[in-house]
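The following note sets out several points for a reader who is new to protein structure. Please keep the sequence and the model in view while reading.

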Amino acid sequence: MSGFEPKEMLCIKGLQAFYEESHILHGVDLTVGEGEVVTLLGRNGSGRTTILKSIMGLVGRRNGSIQIHGVETIGMPTHKIARLGIGYCPEERGIFSNLTVEENLLLPLVVKDGGMSVPELYDMFPNLQERRFSMGTRLSGGEQQMLAMARILRTGAKLLLLDEITEGLAPVIVQTLGQLIGQLKSRGFTIVLVEQNFHFAADLADRHYVVDRGVIADLIPRDALASSTEKLNQYLGV
Amino acid sequence: MELSFQTVLSQVMLGLNNGVFYAILSLGLAVIFGLLNIVNFVHGALYMLGAYVALLGYTMLGPLLGKPDFHLNYWVALIVAPLVVGLLGIGVERTMLRRLRKFDHLYGLLLTFGLALIIQGVFTNYFNVSGDAYDGKPESLEGAVNLGFMLFPKYRLWVIGISLLVCFATWFVIERTKLGSYLRAGTENPELVKAFGVNVPLMITLTYGYGAALAAFAGVLAAPIYSVSPVMGSEMIITVFAVVVIGGMGSIMGSIITGLLLGMVEGFTKVVYAPASSTVIFLIMVVVLLVKPTGLFGKES
């Protein structure tokens with residue numbers, strides 16, 4: 001690919017994904033530009049989490065095309081995909097209970113230069129420093145979420161896949177997370193958010209993909225959001 | 001019956017000597033179970049193979065190479081046997097166990113049990129079932145040391161010392177180092193560890209190799225004490241499985257402590273009522289299973 005640098009950070013074409021016998025994604029197409037914040041909206045079970053897992057290679061079987069910065073990853077093992085510079089924050093947060101807070105923080109491999117240092121992260125999340133020798137799951141839900149975010153910021157990953165990071169958290173913490181995403185965006189991170197909390201997503205994202213029954217049903221740019229409320233309510237069933 | 005403190009103490013010391021074998025073998029089982037989620041039934045056979053690498057290296061390697069005076073040195077065997085058996089373990093994981101990862105753990109158990117029977121069967125065919133003595137014990141470990149309450153064989157003291165060192169070093173690496181944090185995380189959620197850029201399949205292979213190497217190491221340590229026979233592994237492994245059940249599957253420190261304690265309990269029983277010494281561990285297992293089915297150090301799941 002001599003010197004050709006695609007501006008798309010993530011480009012998915014015709015993605016199908018399966019868990020054992022169930023066929024979850026039926027041909028998903030989406031692109032995310034460098035520095036963009038994009039959300040995946042949809043009902044529970046529409047396949048949003050599966051899209052993120054498919055990008056990481058964490059589904060049983062997947063085909064189609066997923067390019068990260070122009071590199072085809074559909075045949076790659078998960079650890080190699082991660083090393084292309086992706087930070088993944090799973091829905092259940094994935095804090096390891098057998099590891100201390102600091103061990104959790106240091107677990108993900110540094111994949112690119114330019115990640116935040118541990119002191120920087122402790123500055124950003126002082127609670128984590130205070131509790132760095134506690135076991136990971138002793139933290140409160142909000143602290144666990146901060147830890148899940150902090151540990152992928154250390155790796156230098158520039159593409160962040162964040163699955164339901166506000167789920168079950170107090171409004172004040174959701175607000176902090178919103179500020180954090182805003183900061184990350186201004187630092188040039190590319191972010192794909194799976195969100196249930198539409199109001200949280202609306203303020204942050206450049207574009208919204210609506211996922212329905214394993215396909216992309218709609219694409220709503222930020223400025224069309226107000227005029228699409230009715231349509232969205234129909235998709236989300238709220 | 002009058003129990004002199006001295007008799008008790010000396011039997012407990014001898015029991016501790018058995019205990020370190022239980023500890024080192026159940027430790028290997030715990031490490032393998034943690035990451036691979038299989039009960040490694042071939043563990044006893046790997047222990048036996050370790051002893052045979054030492055024995056055959058001593059007796060047959062020289063003639064085979066056309067140098068009848070060559071004997072594989074004990075210290076060299078202590079390094080070579082774990083390497084050979086560790087590599088064998090890596091081969092087994094890569095070619096067989098890996099294919100079973102996505103199925104129920106029962107298949108891994110059956111596969112390793114089958115392997116154990118095959119290895120033991122082949123060795124029974126070619127070697128003396130009643131055992132061969134290993135004559136390679138180094139001269140520096142001949143003789144006995146006066147412990148104050150008894151004269152204890154120097155070699156056995158060495159075995160206790162080095163086994164404790166290996167066990168606690170393994171514990172330290174797993175529980176206190178960065179490398180160990182990958183292992184612990186991999187035990188808990190291997191998929192997510194992959195998503196953090198760690199080559200988990202490689203880690204699994206090396207862990208199995210290390211477990212196999214530990215078993216072989218114990219085998220070489222055992223060679224000068226017990227006779228080397230094709231069935232030494234299967235005899236040992238039955239007790240070790242009881243130890244694992246008592247300690248609780250998957251706990252690293254638990255498997256070490258339980259191994260040591262049960263060895264000593266066995267030794268103590270020899271003084272009190274000798275005929276029960278070979279069954280006492282199984283009695284304890286029954287009681288533990290009734291009272292705390294997850295084992296003494298096991299976590300409720």
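1. A:Tyr19 stands opposite A:Ser22 in strand 2 of chain A. Helices and strands here are DSSP runs numbered from the N terminus, with at least four residues (H or I) for a helix and at least two (E) for a strand. Strand 1 and strand 2 of chain A form a hairpin with 2 residues between them, and A:Glu20 in the turn has a positive phi of about 50°.

2. The structure is a predicted model, in which local features need pLDDT of at least 70, side-chain atom pairs count only at pLDDT 80 or more, and totals for chains, interfaces and linings use all residues. Residues are numbered from 1 along each chain as its sequence is written, while chains are lettered from A and ligands numbered from 1 in the order in which they are written.

3. Strand 1 (residues 8-19) and strand 2 (residues 22-33) of chain A run antiparallel and are joined by 9 bridges; two strands pair if DSSP finds at least two bridges between them. Strand 1 of chain A also runs antiparallel to strand 4 (residues 61-68), with 7 bridges, and A:Cys11 stands opposite A:Gln67 in strand 4 of chain A.

4. These strands belong to an open antiparallel sheet of 4 strands in chain A, in the order 2-1-4-5. Strand 2 and strand 5 (71-72) of chain A each have a single partner strand, so one side of each is left without a neighbour in the sheet.

5. Helix 1 (residues 48-56) of chain A lies across strand 1, strand 2 and strand 4 of chain A, at about 75° to strand 2. Axes are lines fitted to C-alpha atoms, for helices over the stretch in contact, and angles run from 0 to 180 degrees between N-to-C directions.

6. Chain A also has an open sheet of 6 strands, ordered 6-7-8-3-9-10, with mixed pairing. Its edge strands are strand 6 (86-89) and strand 10 (215-221) of chain A. Within chain A, strand 7 (residues 159-163) and strand 8 (residues 190-194) run parallel and are joined by 5 bridges; A:Leu161 stands opposite A:Val192 in strand 8 of chain A.

7. Between the chains, 16 residues of chain B are in contact with 19 residues of chain A, where contact requires C-beta atoms, placed from the backbone, to lie within 7 Å. Helix 7 of chain B gives the most to the side of chain B that touches chain A, with 6 residues.

How values were computed: Contact = placed C-beta atoms within 7 Å.
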